[in-house]
Amino acid sequence: MPQIPEKVHELTVGQLSARSGAAVSALHFYESKGLISSRRTSGNQRRYSRDVLRRVAFVRAAQRVGIPLATIRDALAELPEERTPTREDWARLSENWRSELDERIKQLNRLRNHLTDCIGCGCLSLETCVLSNPDDISGERLTGSRLLPERRKQQRPAPESAPEPESAPDTAACGTC
């Protein structure tokens, strides 16, 4: 990792990338989303203050645990005068995110545990589909595969000269087929 002399108070985007491990394109994206900021030189080059390193580390740590960028941006905006997050800030914010992460973990565990119970789209007339119909809303009233109501509305009616067969099976269970 390249060392930057302590007397240097601003970093180029390349230096920030090398020190933080984030790609230059990611840093530009973070800046466009308001997660970090820079100033422009007279030659229109970006310069970042050294404390942006901590902000980038904060953003990347939050992303690794699955926190959406919009949530991270909102958390950073709550800090006084957009200061760099401290250890105490991380502890407070991560505690707030804990319930959201616990819920995601619960959903992922449920998905993993039921993955072999479903073929994904239900076209083979499974009675329930834990992937496309996780709470089995339709299964309480019907069995087998059915088009979802939203999907039926989008379909064009059959021409009057070709009546719909009375016993034609419906093969699309999840509405994506």
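What we are looking at is a predicted model, in which local features need pLDDT of at least 70, side-chain atom pairs count only at pLDDT 80 or more, and totals for chains, interfaces and linings use all residues. Residues are numbered from 1 along each chain as its sequence is written, and side-chain values use heavy atoms, with hydrogens and water left out.

With that in place, the sheet is an open one of three strands in the order β1-β3-β2, and the pairing is antiparallel. Its edge strands are β1, residues 10–11, and β2, residues 39–40, each of which pairs on one side only. On one side, β3, which covers residues 46–49, is joined to β2 by two antiparallel bridges, and there Arg39 has Arg47 as its bridge partner in β3. β1 and β3 also run antiparallel, joined by two bridges, and here Glu10 has Ser49 of β3 as its partner. The hairpin of β2 and β3 has five residues between the strands, and Asn44 in that hairpin takes a positive phi near 65°.

Now to the aromatic side chains. Rings of Phe, Tyr and Trp, using the six-membered ring of Trp, are called a pair if their centres lie within 6.5 Å, and planes under 30 degrees apart count as stacked, over 60 as edge-to-face and the rest as tilted. Searching the whole structure gives three such pairs. One of them is tilted, namely Phe58 with Trp97, at 6.3 Å centre to centre and 55° between the planes. This pair links distant parts of the chain, since Phe58 sits in helix α3 (residues 52–64) and Trp97 in helix α5 (residues 87–114), 39 residues apart.

Why is the pair of Trp90 and Trp97 called edge-to-face? The planes of these two rings are at 80°, with the centres 5.9 Å apart, so the pair falls into that class.

As for accessibility, buried means under 20% relative accessible area, exposed over 50%, and partly exposed in between, with a 1.4 Å probe and protein chains only. Phe58 and Trp97 are both buried, the value for Trp97 being 6%, whereas Trp90, at 29%, is partly exposed. Taken together, Phe58, Trp90 and Trp97 form one aromatic cluster.

Conventions. Two strands pair if DSSP finds at least two bridges between them. Helices (H or I, at least four residues) and strands (E, at least two) are DSSP runs, numbered from the N terminus.
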